[in-house]
Amino acid sequence: MEPTAESRPEERWLGVLFLALALLYVVPFWIVRYLPTVDGPCHTYNAWILRQYLNVQHYPLFQQYYRINVEPYPNWLGHGVMALLMFVVPPLVAEKLLVTACALTLLAGIWYLTSAVRPGHSRWLAFLAFPFVFNFTFQFGFYNFSLSLALFPFVLGLWWRHRDRPVTLLYAVGINLLLGLCYFAHILSFGLALFAIAILWLATLRRGEWRRRLAGVLVLAPQAILPLWYFSRQGGDILPSYWSFERQLRYFAGLGALPFLGSEQDWLAGLLALTFLVLLLLTLRREGLRRPLRDERAFLLLAAVFTLLFFVSPEGMSGGTILK
């Protein structure tokens, strides 16, 4: 559905407000000298080593005690971006530029996804992303995971816009580039992006369309190369979950990824969780029995599948080590 002439002024007004709030959200990064994250200084230091690795005149011991692994492992993107930035700005500024990019890219991605799913409608839903910017992993300093999380909605939005269109070279390059960046940021978000595309593809597939839409799947075939290589190099067993179902349920229902600074934030997370529940019930009441079925309802199925994954996946999938 295309936006009407009446909806465009409102859409522009919402866009200006969204941009203004997004810029205000990153102001705190620039009014302090040091960013108070947990692992952030470690990642900044690693990027600084990459920047100075060839500077043997000033740092002759780096090449003696460090070796750069140039194999295509995930978790390269954040360190690589900061190392490149350090050629023109000091390390502390490079870190602030990276976290600013994480925050703004996530918000821009949610705005892009909402416009892709329902053009000209429901743009206000993008404002619900703001509380998730300063989430638990972000404040822990898991910069690579934060970058991958920011790329996730762009991947879904781009695929959704082109799901029923003929595959073009521009789209093929764009979707594979985004997924490649997501892989080099963090493999968890990369895998979930491909899984989400698969669920949405199946949920929106109509009778007699599978041959035409098969090209949209084949264009993603290159994305199997790096994960297959990565998992072939990994060893060990998956750690079982040590969280009880009751603890998982409390964490999920209370949006446990948001309260980071203490119990004072619990009521805000609970209020936001209640807001999502009310919106879900209103959506089901308004559209649950309406015909014909609209493609965007596939996101309800995707949300249900992701919720199920949360409860059945090992705790190690959300642990600190894998998210760095």
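This briefing describes the helices, nonpolar cores and selected residues of one protein structure. The model is a predicted one, and the protein in it contains 15 helices and 0 strands. Of its 324 residues, 39% are buried. Among the contacts in the protein with a separation of 6 or more, 77% are accounted for by residues 24 or more positions apart.

**Nonpolar cores**

- The largest nonpolar core has 60 residues, and those with the most contacts inside it are Leu156, Trp159, Ile175 and Leu200.
- Two or more residues are given to this core by each of helix H1 (7–30), helix H4 (77–85), helix H5 (91–117), helix H7 (143–161), helix H8 (169–185), H9 and H14.
- Among these elements it is H5 that gives the most to the core, with a contribution of 11 residues.
- Trp159, one of the residues with the most contacts inside the core, touches Tyr171, Ile175, Ile197, Leu200, Trp201, Thr204 and Arg213, when residues up to four places away in sequence are not counted.
- Apart from this core lies another one, of 6 residues, which includes Leu128, Leu255, Ala269 and Ala273.

**Helices H9 and H14**

- Helix H9 (residues 187–203) and helix H14 (residues 298–312) have axes that come within 9 Å of each other and cross at roughly 135°, which means that H9 is oblique to H14.
- The crossing of these two helices, H9 and H14, is right-handed.
- On the H9 side the contact is made by Leu192, Phe195, Ala196, Ile199, Leu200 and Ala203, while on the H14 side it is made by Ala298, Phe299, Leu301, Leu302, Val305, Phe306 and Leu309.
- When the residues of the contact of H9 with H14 are divided by class, there are 13 nonpolar, no polar and no charged residues.
- Val305, which lies in helix H14, touches Phe195 and Ile199, again not counting residues up to four places away in sequence.
- Val305 and Ala196 are 109 residues apart in sequence, and in space they are 9.1 Å apart, C-alpha to C-alpha.

**Helices H8 and H9**

- H9 also meets H8, and the axes of H8 and H9 come within 6 Å and cross at roughly 145°.
- In this contact, Leu179, Cys182 and Tyr183 of H8 meet Ile187, Ser189, Phe190, Ala193 and Leu194 of H9.
- The residues of the contact of H8 with H9 comprise 7 nonpolar, 1 polar and no charged.

**Helices H4 and H5**

- H4 and H5 pack with their axes 9 Å apart and at an angle of about 135°, and they are therefore oblique to each other.
- As H4 passes H5, the crossing that they form is right-handed.
- The residues that meet here are Gly78, Val81, Met82 and Leu85 in H4, together with Ala94, Glu95, Leu97 and Leu98 in H5.
- The contact of H4 with H5 has 6 nonpolar residues, 1 polar residue and 1 charged residue.

**Two residues with positive phi**

- Asn75 has a phi near 70°, which is a positive value in a residue other than glycine.
- Asn75 is found in the loop between helix H3 (62–65) and H4, where its relative accessible area of 25% makes it partly exposed.
- Leu255, although it is not a glycine, likewise has a positive phi, in this case of about 50°.
- Leu255 lies in the loop between helix H12 (245–253) and helix H13 (266–287), and it counts as buried because its relative accessibility is 18%, whereas the cut-off for a buried residue is under 20%.
- Leu255 is also among the residues of the core of 6 residues.

**Leu274 and its distance from Leu255**

- Leu274 lies in helix H13 and is partly exposed, with a relative accessible area of 48%.
- Leu274 and Leu255 are 19 residues apart in sequence, and they are 9.9 Å apart in space, C-alpha to C-alpha.

Notes
Residues are numbered from 1 along each chain as its sequence is written. This is a predicted model: local features need pLDDT of at least 70, side-chain atom pairs count only at pLDDT 80 or more; totals for chains, interfaces and linings use all residues. Side-chain values use heavy atoms; hydrogens and water are left out. Axes are lines fitted to C-alpha atoms, for helices over the stretch in contact, and angles run from 0 to 180 degrees between N-to-C directions. Helices (H or I, at least four residues) and strands (E, at least two) are DSSP runs, numbered from the N terminus. Angles under 35 degrees count as roughly parallel, over 145 as roughly antiparallel, 65 to 115 as roughly perpendicular and the rest as oblique. A crossing is left-handed if the near helix is turned anticlockwise from the far one by less than a right angle, and right-handed if clockwise. Contact means heavy atoms within 4.5 Å. Ala, Val, Leu, Ile, Met, Phe, Trp, Tyr, Cys and Pro count as nonpolar, Asp, Glu, Lys and Arg as charged, and the others, Gly among them, as polar. A nonpolar core is a set of buried Ala, Val, Leu, Ile, Met, Phe, Trp, Tyr and Cys residues joined through side-chain atoms within 4.5 Å. Buried means under 20% relative accessible area, exposed over 50%, partly exposed in between (1.4 Å probe, protein chains only).
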